[in-house]
Number of protein chains: 2
Amino acid sequence: MNPNRPSSNRPVYLKLRDQIAAAIIDGDYPEGAMLPSVRALAAEQGANPLTVAKAYQQFQNDGLVEVQRGVGMYVVKGAAERLRAREREVFLRDEWPEIRNRMKRLGLDPADMAIST
Amino acid sequence: MNPNRPSSNRPVYLKLRDQIAAAIIDGDYPEGAMLPSVRALAAEQGANPLTVAKAYQQFQNDGLVEVQRGVGMYVVKGAAERLRAREREVFLRDEWPEIRNRMKRLGLDPADMAIST
DNA sequence: ATGGCTGTATTATGGCACTGATGCACCTCG
DNA sequence: CGAGGTGCATCAGTGCCATAATACAGCCAT
């Protein structure tokens with residue numbers, strides 16, 4: 001009923017993409033490490049290999065992973081920091097203003113919610 | 001490419017819905033006032049009447065507007081406050097946790113961004 | 001070299017959301 | 001009563017998403 005912000009009803013390939021990006025930034029996939037194969041991750045996540053490939057696609061285009069055909073995909077050196085910088089920029093430019101307006105309208109102040117939860 | 005938070009690539013009926021909700025909360029459509037007709041708003045926004053009707057749909061279901069068939073749709077008394085309360089609850093429960101995690105990962109602190117921009 | 005692992009390309013299919021065009025049912029006003 | 005304004009139902013078209021079944025291309029350890 002509410003196809004909105006919640007990540008629940010989002011395309012699978014985008015959820016995977018976000019999940020992998022988070023893992024890279026957090027160092028769960030360290031630089032130089034090999035990402036799970038499309039088939040392996042597909043099996044683990046109960047998805048289709050091509051869907052996983054689609055999730056990986058963007059990281060290749062951005063040069064954050066190196067593809068060794070027949071071997072696997074490896075996290076490029078400096079990928080974590082570059083990815084974080086890029087995501088931060090996008091967040092501040094595209095997402096935060098809207099979120100801020102929304103909160104203001106709802107009578108919420110980010111400053112009051114720093115530690116809360 | 002990124003059907004995500006940015007309101008740019010979101011369904012039209014959802015953008016309209018948000019826009020109308022904001023107008024109600026802000027009092028641009030006061031209680032008791034008649035909302036723009038589906039055709040009028042459609043023409044103004046360059047959208048299809050049915051798309052506008054779909055945007056209005058949810059407000060009817062939630063009892064925030066009263067439909068007088070053949071006449072128009074009117075903002076129910078107390079709609080603004082009820083709407084804001086409901087939106088705030090949804091935001092805090094569904095959206096904010098994810099946003100907070102995301103910001104934390106990106107090295108951003110809501111407290112530092114109260115006035116910024 | 002061969003088996004087994006990688007990523008990739010191709011094509012087809014089903015489902016679903018979004019948008020659109022048309023026509024109908026209802027009400028108000030002159 | 002008729003004209004013009006409402007909302008609403010129905011049907012159709014389009015595109016994206018996800019899946020599937022294969023097949024191909026490259027690498028590596030045995």
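Mentor: Two strands are said to pair if DSSP finds at least two bridges between them, and helices (H or I, at least four residues) and strands (E, at least two) are DSSP runs, numbered from the N terminus. The model is a predicted one, in which local features need pLDDT of at least 70 and side-chain atom pairs count only at pLDDT 80 or more, while totals for chains, interfaces and linings use all residues. Residues are numbered from 1 along each chain as its sequence is written, chains are lettered from A and ligands numbered from 1 in the order in which they are written, and side-chain values use heavy atoms, with hydrogens and water left out.

In chain A, strand S1 (residues 65-68) runs antiparallel to strand S2 (residues 72-75), and 4 bridges join them. Within this pairing, Glu66(A) has Tyr74(A) of S2(A) as its bridge partner. The hairpin that S1(A) and S2(A) form has 3 residues between the strands, and Gly70(A) there takes a positive phi near 85 degrees. A UniProt record, an unreviewed entry, places the feature "domain: HTH gntR-type" at residues 10-78 of chain A, although such annotations may be inferred rather than shown by experiment. That span is 52% helix and 12% strand, and its end C-alpha atoms lie 29 Å apart.

Of the atoms of DNA strand D that come within 4 Å of the protein, 64% belong to sugar and phosphate. Both chains supply elements to this surface: helix H1 (12-26) and helix H3 (49-61) of chain A, and helix H2 (38-45), helix H3 (49-61) and strand S2 (72-75) of chain B, each give at least two residues, with H3(A) giving the most, 3 residues.

Arg39(B), by contrast, has a side-chain N or O atom 2.8 Å from a base oxygen of DNA strand D.

Methods
Near = heavy atom within 4 Å. Polar contact = N/O pair within 3.5 Å; in protein donor to acceptor, adjacent residues only side chain to side chain.
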